[in-house]
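User: I am new to this protein and would like a guided look at it. Could we go through it together?

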Amino acid sequence: MTPEASSSHSSSFHAQDSIDSSLNDKLRLSTVSVTADAFLHFASLDALWDDADWSGMVNRLNADETQLQLKRAWDGVHNKTGQYGPFCDWVEHLVQLITQLPRQPTRKIRFVPSNDKNLACGPGYLNRKEVEGTATAFKPDVVCMDAGATELNKWSQVLVPMEFKKGRSSSTASGSVAPRTAGSQTLAPPGTPPQSQSREDLTEGGDGKSGLQGKRAGISTTYGTSLTPFPRLDPYDPTVDYIQLGRYAMETFAAVGDRTHVFALFVNHPNVTLWYFDRCGAVCASPINISTPESFVLFLKFLSALVYIQDDLLGFNPFFSHSSTTAPAGTRAKLFGLTLTLPDSNNTTLTLQDVLDRRRGLVGRATLVCKAELREIRGEGEQAPHSEVVIKSSWQHLTRTPEWDILHMLHQDGQARDHIVWCFRGWEQTGATVSSQRAMFGEPTPSVVDDRTLRHTVLEYLNPITKLSQPFHIPSIGWNIMQAIEFLNSMEWFHRDISIGNMGYSLHPKCGGTVIKLHDFDLSKHHTQNSGTSHWAGTVPFMSIELLEETSAPHMIGFEVEALTWTLLWIVRVYTDGEDKNPVKDHPLEHWYGNGNTLQQIADTKRCYLQKTRGFFTNEHYRDLEQEVRDLARLWDRMRRDQLKERDEQESGTLISESVYGMTGFDTIQAWME
């Protein structure tokens, strides 16, 4: 299996406007609120906080002159960046006294300002490699990190990122904030918003402007005091500060790939807001005014949680901690070399190797793909066989059929081995659903819209399709994927995400020939499943024009064929000797993906591409295929034009023609390839 083109961002090359616009949309639709008391349920430290030693420590801090002086030093700074040092000095002193309680700390922490130190952000991945030019760098204001680290230089070191508001707010009562100007809280469950599986940064219309315009207009949010933790908020416009905090969380998630959730702090002196981010959105506590005695205690409780809770509650995935090379939370920079024992299998281990794909993003599947070695443990001295595999960890919708179930069903037919990836194993991680994570805030059965669960799948490793890099390989790729599409159709399944990253090849064990296959069946659906779902799927550059223009269109086999066509057109225009050597800022097909373009704009661009009369469809490397590739583009264009005629004749502007997108159209393209 090869990693797919990171549909969230690598095709858009991590343009910051695109990322910030996406975060704006995600936070606008997914942020829910709890009281600060309810938020602190996550720590399960009531026994500590009810103890006399805790009360004594709080009393000592309230009377501690050093603490009061450090607090006054922070109070006296009105410049945003000037607050970082005094705030950290004050909090460090608080933590010092908290760790003196008669309880063994889980970790030692410290708070440090990033100052002028930019932290490298995770790059985009495409075909097993980082996409050149997609790695960026920026800095959080302040971070909580492991005290053993000598210097802050990686996002993997960040335990809790923090954002400070520019300027100072007026003092408000604990748990209150200025009234929100855009909508109000409602306890009524809203309709499920449309989900963007592979096109998270796109809109279906509008002007494509950045979602950051006007976000410094002082928009604020009213958070209720109801103990029902998870009312869904009406859509609102997050402030730039909240979007920035979301970016910090996103990079913390992506740094290694071993986080299930991230805590964060927003400081707007004298208020502090506790935040929590997961793969379904965000939970924030009502702001607390730490200048008041009651709220000061709430802040101390949060700090004590950072010291005493276990790594899994802090957000570190226990699946990656049960390994041969465990490291303290916040000190692991990569997963390479971890040896994991698979659940319910004491004699099978998985040793992680290279990261092939690590999706950036906040809300979504957040897929992590690692190459690995699967080995069976046998008796002493007996050489255990091993297989070259990948393990894919992905936050999937609970209602979606697991990929391993789909593959096991398909492989009941012996022909499947020639067309689709082999699956060794798959399982859902116990306790790793968003609803179960959010239950720690005090609601036993929280309502989470589009709940997700963390699924792990161990699959056969396939070489990247672009390694078949000679011109004579292109017809073979096209023909074999057509056969795979036909096989799936015979089994009444659609893949729904045909793309350059979702096809690869293996070598036949006997003759050494190449076997070209499809993989990544996360978004696949059976023909009988409802096509009217809001979860429309695909990878943007390879999407059918029809689906880009009508996202609710029922899926048809022709969408698969068109996606293959766009994939072939992409390879012969972009790749040279198996490499995409085009500069990020001058990519020849940049208008095939996001970067502020609407779906309709992308559809129009691709339609014009089929019809172009000037320039080449191929680069120099594939120039010998120019006429064949041009013929394919012209054929598909003629078929789509014929569909327009059918629409005119039947007076139906949305008709999807069988002669283009049904089996008739499939047969036409297959006959041309022969």
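User: What kind of model is it, and how are residues numbered?

Analyst: This is a predicted model, in which local features need pLDDT of at least 70, side-chain atom pairs count only at pLDDT 80 or more, and totals for chains, interfaces and linings use all residues. Residues are numbered from 1 along each chain as its sequence is written, and side-chain values use heavy atoms, with hydrogens and water left out.

User: How many helices and strands does the protein chain have?

Analyst: The protein chain has 18 helices and 27 strands. Both are DSSP runs numbered from the N terminus, with helices being H or I of at least four residues and strands being E of at least two.

User: And how much of the chain is buried?

Analyst: Of its 674 residues, 58% count as buried. Buried means under 20% relative accessible area, exposed means over 50%, and partly exposed lies in between, using a 1.4 Å probe and protein chains only.

User: What share of the contacts links residues 24 or more positions apart?

Analyst: Such pairs account for 72% of the contacts with a separation of 6 or more. Contact means heavy atoms within 4.5 Å.

User: Let us turn to helices. At what angle do helix 5 and helix 6 cross?

Analyst: Helix 5 (residues 65-75) and helix 6 (residues 80-98) cross at roughly 160°, and their axes come within 8 Å. That makes helix 5 roughly antiparallel to helix 6. Axes are lines fitted to C-alpha atoms, for helices over the stretch in contact, and angles run from 0 to 180 degrees between N-to-C directions. Angles under 35 degrees count as roughly parallel, over 145 as roughly antiparallel, 65 to 115 as roughly perpendicular and the rest as oblique.

User: Is that crossing left-handed or right-handed?

Analyst: The crossing of helix 5 and helix 6 is left-handed. A crossing is left-handed if the near helix is turned anticlockwise from the far one by less than a right angle, and right-handed if clockwise.

User: Which residues make the contact?

Analyst: Helix 5 contributes Thr 66, Gln 67, Leu 70, Lys 71, Ala 73 and Trp 74, while helix 6 contributes Gln 83, Pro 86, Phe 87, Asp 89, Trp 90, His 93 and Leu 94. By class, the contact of helix 5 with helix 6 has 7 nonpolar, 4 polar and 2 charged residues. Ala, Val, Leu, Ile, Met, Phe, Trp, Tyr, Cys and Pro count as nonpolar, Asp, Glu, Lys and Arg as charged, and the others, Gly among them, as polar.

User: How does helix 12 meet helix 14?

Analyst: The axes of helix 12 (residues 473-490) and helix 14 come within 11 Å and cross at roughly 160°. The two are therefore roughly antiparallel to each other, and the crossing is right-handed. Among the residues that meet are Ile 477 and Ile 481 in helix 12 and Leu 564 and Leu 568 in helix 14. The contact of helix 12 with helix 14 divides into 11 nonpolar, 2 polar and 1 charged residues.

User: And helix 14 with helix 15?

Analyst: Helix 14 (residues 557-574) packs against helix 15 (residues 599-611) at an angle of about 70°, with the axes 13 Å apart. That makes helix 14 roughly perpendicular to helix 15. In helix 14, Trp 566, Leu 569 and Arg 573 meet Lys 606, Tyr 609 and Leu 610 in helix 15.

User: Now single residues. Where is Pro 161, and is it buried or exposed?

Analyst: Pro 161 is in strand 8 (residues 158-164) and is buried, with a relative accessible area of 0%. Not counting residues up to four places away in sequence, Pro 161 touches several residues, including Val 142, Tyr 248 and Phe 263.

User: Where is the cis peptide bond?

Analyst: The bond from His 269 to Pro 270 is cis, with omega near 5°. Pro 270 lies in the loop between strand 10 (262-268) and strand 11.

User: What is phi of Asp 520?

Analyst: Phi of Asp 520 is near 60°, a positive value in a residue other than glycine. Asp 520 sits in the loop between strand 23 (514-518) and strand 24 (525-526) and is buried, at 4% relative accessible area.
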